[in-house]
Amino acid sequence: MPFTNLVEMLRNRSISQSNQCAYTFLLNGETEEVSWSYEELDRRARAIGAQLQGAGAARQRALLLFPPGLEYIAAFFGCLYAGVVAVPVYPPRLNRPDSRLNVVAQDSSATFALTTADILTAVPELMQRLLHSEALSGLHWIATDTVADSLAAEWQMPPIDNHTLAFLQYTSGSTVSPRGVMLTHDNLLHNLKLICKSFEATPNSRGVIWLPPYHDMGLIGGILEPVFVGFPVSLMSPLAFLERPFRWLQTITCTRATISGGPNFAYELCIQKIQPEQIATLDLSSWELAFNGAEPIRAETLKRFVE
């Protein structure tokens with residue numbers, strides 16, 4: 001079905017596939033999980049969107065400072081629902097410098113920051129450091145997980161179209177200062193259509209994604225693509241995968257996933273870390289499309305992974 005923007009995309013799913021599972025997040029990377037249907041995700045997005053609309057955030061830029069999880073996804077869609085330009089950023093950490101965060105906040109001209117109540121209250125010294133930063137001191141902070149679902153009824157569709165700016169995606173900043181790319185709803189929908197065609201994805205597909213949700217492979221391919229096509233996806237934190245790569249292939253086995261992937265190093269890590277006795281418990285026969293990208297692809301790695 002042709003969509004004109006991402007809000008229309010999720011709203012359509014919440015009506016036509018209201019009770020179907022959209023996302024399952026594996027809290028421990030294995031069995032402990034939380035799931036949202038399309039209707040539940042839409043309700044959370046409308047509630048957060050209404051909160052932002054009430055705060056006068058329309059057409060403003062908002063930093064998204066979340067760990068991987070469903071609350072991050074709700075906040076991302078909440079920004080779209082409010083006509084707010086989302087700016088996904090890795091969440092701050094107590095023992096890490098905030099230089100990249102400061103650069104992104106200043107360059108994006110962000111006026112809002114969305115995060116969780118835990119980040120706002122659990123580490124006072126971290127928040128004091130952030131709030132006294134020149135780039136972050138004037139932001140309007142909102143803990144989206146405290147926004148009541150009842151606010152969803154107050155949401156109003158914002159004046160957006162396919163040319164409206166959806167979010168700013170920043171480079172890692174590992175070699176030069178982070179640089180932002182402006183992505184419109186039309187940019188994203190065109191990309192999602194191409195991914196769908198290349199992956200041969202259908203509503204019968206199932207995904208497993210452990211990739212960081214702040215960049216294109218994890219966010220566009222792993223989070224937005226399933227909603228675009230209408231298939232469920234199981235998500236886990238990148239740290240859960242890095243701690244125990246077996247979790248990735250185990251989840252594909254358990255969920256009978258058809259689409260999954262990652263950079264070349266992920267396949268290499270599985271070769272190095274997964275033991276023969278673990279391999280014996282896997283059944284990857286459902287896995288139809290294993291994508292590989294974001295860094296050089298090595299034929300030798302893929303050959304050894306297949307073996």
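Q: In this predicted model, into how many nonpolar, polar and charged residues does the lining of the largest pocket divide?
A: The lining of the largest pocket consists of 25 residues, and those that lie nearest its centre are Y90, P212, Y214, P238 and L239. Sorted by class, the residues of this lining divide into three charged, three polar and 19 nonpolar.

Q: What volume does the largest pocket have, and which element gives the most to its lining?
A: The volume of the largest pocket comes to about 660 Å³. Two elements, α8 and α9 (238-243), each supply at least two residues of its lining. The element that gives the most, with four residues, is α9.

Q: How many cavities of 30 Å³ or more does the count come to, and about how much space lies in the largest cavity?
A: A cavity, unlike an open pocket, is a set of points where a 1.4 Å probe fits but cannot get out. Counted with a threshold of 30 Å³ or more, the cavities come to two. The space in the largest cavity is about 90 Å³.

Q: Which elements give two or more residues to the lining of the largest cavity?
A: The largest cavity is lined by 13 residues, with P68, L211, P213, I223 and L235 lying nearest its centre. By class this lining holds two polar and 11 nonpolar residues, with no charged residues. The elements that give two or more residues to it are α3 (70-82), α8 (216-229) and β10 (233-236).

Q: Which element gives the most to the lining of the second largest cavity?
A: The second largest cavity, with a volume of about 70 Å³, has a lining that includes F199, I209, E225 and F291. At least two residues of this lining come from each of β9 (207-209) and α8. With four residues, the element that gives the most is α8.

Q: How are helix α1 and helix α7 oriented, parallel, perpendicular or oblique?
A: The axes of α1 (residues 6-16) and α7 (residues 185-199) come within 9 Å of each other and cross at roughly 55 degrees. Because an angle from 65 to 115 degrees would be needed for roughly perpendicular and one under 35 degrees for roughly parallel, the orientation of α1 to α7 is oblique.

Q: Into which classes do the residues of the contact of α1 with α7 divide?
A: On the α1 side the contact is made by L6, V7 and M9, while α7 contributes H185, L188, L189 and L192. These residues divide into no charged, one polar and six nonpolar.

Q: What radius of gyration does the chain have, and how does this compare with a compact globule?
A: The chain has 13 helices and 12 strands, and its C-alpha trace spans about 55 × 45 × 35 Å along the principal axes. A compact globule with 307 residues would have a radius of gyration near 19 Å, and the chain agrees with this, having 19 Å.

Definitions and conventions: Residues are numbered from 1 along each chain as its sequence is written. This is a predicted model: local features need pLDDT of at least 70, side-chain atom pairs count only at pLDDT 80 or more; totals for chains, interfaces and linings use all residues. Side-chain values use heavy atoms; hydrogens and water are left out. Axes are lines fitted to C-alpha atoms, for helices over the stretch in contact, and angles run from 0 to 180 degrees between N-to-C directions. Angles under 35 degrees count as roughly parallel, over 145 as roughly antiparallel, 65 to 115 as roughly perpendicular and the rest as oblique. Contact means heavy atoms within 4.5 Å. Ala, Val, Leu, Ile, Met, Phe, Trp, Tyr, Cys and Pro count as nonpolar, Asp, Glu, Lys and Arg as charged, and the others, Gly among them, as polar. On a 1 Å grid over the protein atoms alone, a cavity is a set of points where a 1.4 Å probe fits but cannot get out, and a pocket is an open set with protein on both sides within 12 Å along at least five of seven lines; lining residues have an atom within 4 Å of a point. Grid points are joined across faces, edges and corners, and a volume is the space filled by probe spheres set on the points. The radius of gyration is taken over C-alpha atoms; the globule rule is 2.2 Å times the number of residues to the power 0.38.
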